[in-house]
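Subject: Structure handover

Hello,

Please find the structure below, followed by notes on what was found in it. Read the notes with the structure open beside them.

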Amino acid sequence: MTTQNEMFYDLNQTQSNPGDTNQIVIIPDEGRCRLPKKKDATGGKKGKNLAKEKERQKVTKKMKRQLVAVQQRKANKLTQEELFASLAEYQLDAKKLNQLASSSHIEDARFPTKIKVFSSKTVLPTLFHQEEPTLQHYYPTDDESSDEEELGRSDSIQVDSVDSTCNKEEVNKCDDSLSNGSKITTVKRKRVIVARDSEIEAKRSQLPIYSEEIPIMEAIDENIVTIICGETGSGKTTQIPQFLYEAGYANDGQLIGITEPRRVAAISMSERVGQELGAPDEVSYQIRYEGNRSDKTRIIFMTDGVLMKEMESDIMLKKYSAILIDEAHERSMYSDVLIGMLSRIAPLRGKTSNPLKLIIMSATLRLEDFTHKRLFPVLEPKAVQVEARQFPVTVHFEKRTPDDYMAATFRKVCRIHEALPDGGILVFVTGQQEVNYLVKKLIARYTILYYKSKDGHVCLHGSKKWKRKRLEETEDLKLEDFDENVCLKVVKYDFRGFRCCCTRAVRFNLRYVNLLHSTIPHPPKDCQPLYCLPLYSLLSSEKQRRVFQPPPDGSRMCVIATNVAETSLTISGIKYVVDSGFEKRRLYDPVTGVSQFVVARISKASADQRAGRAGRTAAGHAYRLYSSAVFQTFEEFSRPEILNKPPDQLVLHLKSMNIVKVVNFPFPSAPDSEALEAAEKRLTKLGALEVTTKNGKTEARITPLGRTLSIFPLAPAYAKVIAMANQHGLLPHAILLVAALSVREPLIPVSSIRGESVEETKEKMTQLLKMRREWCGKGPGRRLGDLLVLMRAVGCSEAERCIMHGLRHKAMLEIRKLRTQLTNIVNTSFKQSTDVVMDLYLPPPSDLQVQLLRQIMVAGLADHIARRVDRSCDNQEVPKGAYQTMKLQEFVFIDPSSVLYTDEPDYVIYQQVVQMKDRLCMQVLMMVDHEWLTRLAENYCDFSPVDPEEAPRYDAVKDQIVKRVEVTFGPLKWSLNPVDRPVPNDIMLYRYFAQFLLAGEYVPKMLAPPTTMVRSWAKLQKRTETLLNALVSKEVESRLIAEWHKNEDYLLEEYLEWLPESLHGQVTVMWPPMKRKSSKMGRNKFYTRV
């Protein structure tokens, strides 16, 4: 029998029917064979233009057919939900279906599928005319478009008729490859049916994103990365996790993770989604110190850092089926790093049977930062736009931008409250001092009074209920029943936090603002009560939750907030938004390393976010306290946080994940390469990184110390303080100190204390400063400065004591949580004989512990050392109390609230430098002894070369041969006292050591003076070379006693050559010349020098 490869086609034979496809044969080809083409002189095809021919052949017929099939499928496509719904109308009950019998097997009995004669053991060859007409050994030519590769070509392309269409799997493959250009694993998930309350379902149906569920889920299912841009109030945060849950992404124990930039948002959103889903146990939250995650959890809201920490143990995030990055436009540092990591993890998981979906959500997002090729080199994210806000918002600009935005804000709120219909007011200002100031002014103008009627009902003075009760009482009012003492009760507000919990970034002209009240008329008598609440990040969680509760009946809610209310949080009932147009930013200078808070204009994206808060429950109004011309000067988007913070901790974290080249990390907005290099240099001086050369490339790799530091959720410098404190019982004190330094503003600034009058303000400030100086004490403990004040303050955790001592209660609670976390890390990561116990009432450190803590702080924060400028030695005019830091050219000064303000020590360590008016002030200081710098901060010292003419000396304490050298500290070359440095390790070091060995006065007389070892003619004497070679062979330039413990006869023969023979016996008996010999030595005798 002739096989297919043995049949040939006679080219000379004429075909009876050229159109018959059965006569087509395939000639086997060993290689790629082409018929020669005639070319003209120009190199193209004869009579044709090669360029135009390529243009016409870009779209092949095969591509046209497949594209038509794809378009036909999309046009007639029915979603899975619609098919199930239509089938459910005609489907019988399960009981009736079980009663039906199938008759499909009746035919199988009569006509078996396999005939016995043609069993599976005998396989007939396929006849020539039965083969499918295929074109084998096909290779694309250079004239064909490369786009055909995206259509999923194979080794052979079917030559079917034009009417033939691709099957469903081929069309899906073509569709996916056209959209992403990469293969995506499709997982069939079982849909979850959720039974919700009718009221909740009605509220969900009113959200704009509710009607977009099918397009959004199709985009998520068909793409690895999806970017969802939805207007504020569209319901992205609460609804998309529920879409994924219902689509089966939480089946089989998998999790749906949502990252939030703020803890408040993570907690509130988990409660909201759990309530809407009807399964609170399956929706949890996890933040830094707390969480309610359990085995039943299927949807988890968390902060960015929590997911980053989880990636350390599970880099591929195998527990998760979908990760949602919420509020990506805020561009927090960890959200940017997460997106960079997931841009590599998601495509890798997409090739497995357990793919991971990455969904990036935001209201205002610059798509260019999240779609560039460096971030996603192998795929292009799918962008989905959710149009329309929940309710329309009318934006109002000022005709002229006011000079004092705080006065304009106060006037605008008063006009809205007194003239416009009901609806909550949300006011955006810069910081908590402005928040508390505005709340106090509004409360003073619109005081809430409770009225008790004759029938015993209590209502708000000025509310509709009060007006109705008053009208009823005045109808039958008699003169003898008139009572002047109407029972009015004033609501007492807690002003203690308003007076204290403030920053000093902005100072108000109180006299000007007081004069402002004369220009505003008094509110009308029937004015509705105004219920004012503050909202900022440093406010306690209990007080933050008050904004989510409804106001008292008959009153209007007014929330005065910072940009914490700009995103994530949804405050119900807000109809009016007052936007001051400013925000407080933390700017970081990568060159100087100084961070400072400045008040600056917001971006256009932030302005849109603020305006969107007014359209949550009804049509709203946004009042912008600036003109439209000023609005055009705003930046389009806010500056990412990763560009405004020191990248040291970020670089160390990436290095711990074996990312050597941090510069090549796919950041959405890459930090400056100089800032990353500066961070690597600082980490190298800290000992966390080590510069190595591999294959001719210089790289900074993480050291064992660096891996230890990366375990702690702290800045690397603070982590090193804990790592070095494992001695003298310092760990509890070091953990307490680092926890207090890591929490923002545990001590209320003295300058923010306010009283009812100027005299009362001065008295309160004086009392608080006196109390903190008493905490610092006297003696050696005082040199710890503000750090000791912090350590003593942590013991005051009760709310009343915190207010009395000028402490922030929320910060004290956060310090306690951080102490617990650090204590657990130390007990699980460090090898210790006993575990560290967190004592809430830890006693103050002793004098020795204070000194050791100061030394550890110098070793960890050497780059934060400042030196007092000597006014007598400098030609330029130096202000009193001026200091110089290692990086700043400007003078800095000690904060007047510091306990070291009057001491003015020569060297200090500061924690931060802030801008105060026209001065840069150092805060949280500690004294430094300059003698420590050369030993504890050696990497920052510059030692002069060793003078070869200077005579060395032997340091018995260090067991080294040293010479005196000059030393300077830091880049500004601060001069320090000369210090002893070891002699360079060369041949002269061994000669010096031999000289001091021979000059030890072990014996009364020697044949030659020891200085012979370092003479230029020393080689002429045999005994000098013999002793030198013995030292060099063992590399002994110090630590001679350790070598004698190994070999007690070491150097005996070489030493005897320098002595008369009469002394050989005496020296041999006493050898080695040690004060106390070990029991293993043969001559176990005590030796006393003569």
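Gln 912 has Gln 923 in E28 as its bridge partner. The strands involved are E27 (residues 912–916) and E28 (residues 919–923), which pair in the antiparallel sense over five bridges. Strands (E, at least two residues) and helices (H or I, at least four) are DSSP runs numbered from the N terminus, and two strands pair if DSSP finds at least two bridges between them. Two residues lie between the strands of this hairpin, and Lys 917 takes a positive phi near 55 degrees. Arg 919 lies over the face of Phe 893, at 3.9 Å from the ring centre. Another such case is Arg 189, which lies over the face of Tyr 249 at 4.0 Å from the ring centre. For this, NZ of Lys or CZ of Arg must be within 6 Å of the ring centre and within 35 degrees of the ring normal.

This is a predicted model, in which local features need pLDDT of at least 70 and side-chain atom pairs count only at pLDDT 80 or more, while totals for chains, interfaces and linings use all residues. Residues are numbered from 1 along each chain as its sequence is written, and side-chain values use heavy atoms, with hydrogens and water left out.

Next, the open sheet. Six strands form it with parallel pairing, in the order E10-E20-E17-E11-E16-E15. Its edge strands, E10 (393–397) and E15 (530–535), each pair on one side only. From one strand to the next the twist averages 20 degrees; axes are lines fitted to C-alpha atoms, for helices over the stretch in contact, and angles run from 0 to 180 degrees between N-to-C directions. E15 and E16 run parallel and are joined by six bridges, with Cys 532 opposite Cys 558 in E16. Helix H20 (residues 604–612) lies across E10, E11 (424–428), E17 and E20 (620–624), and runs at about 140 degrees to E20.

Asn 563 is in the loop between strand E16 (556–561) and strand E17 (574–579). Its relative accessible area is 24%, so Asn 563 is partly exposed (buried means under 20%, exposed over 50%, partly exposed in between, with a 1.4 Å probe and protein chains only). Not counting residues up to four places away in sequence, Asn 563 touches Arg 262, Phe 428, Val 429, Glu 583 and Arg 610, where contact means heavy atoms within 4.5 Å. Ser 537 is 26 residues from Asn 563 in sequence and 9.1 Å away in space, C-alpha to C-alpha.

Last, the aromatic rings. A search of the whole structure finds 11 aromatic pairs. Rings of Phe, Tyr and Trp (its six-membered ring) pair if their centres lie within 6.5 Å; planes under 30 degrees apart count as stacked, over 60 as edge-to-face and the rest as tilted. One of the pairs is Phe 397 with Phe 631, tilted, at 5.6 Å centre to centre and 55 degrees between the planes. Because Phe 397 lies in strand E10 and Phe 631 in helix H21 (residues 628–632), the pair ties together parts that are 234 residues apart in sequence. Phe 397 is partly exposed at 33% relative accessible area, whereas Phe 631 counts as buried at 11%. Ring pairs link Phe 397, Tyr 626, Phe 631 and Phe 634 into a cluster.

Regards
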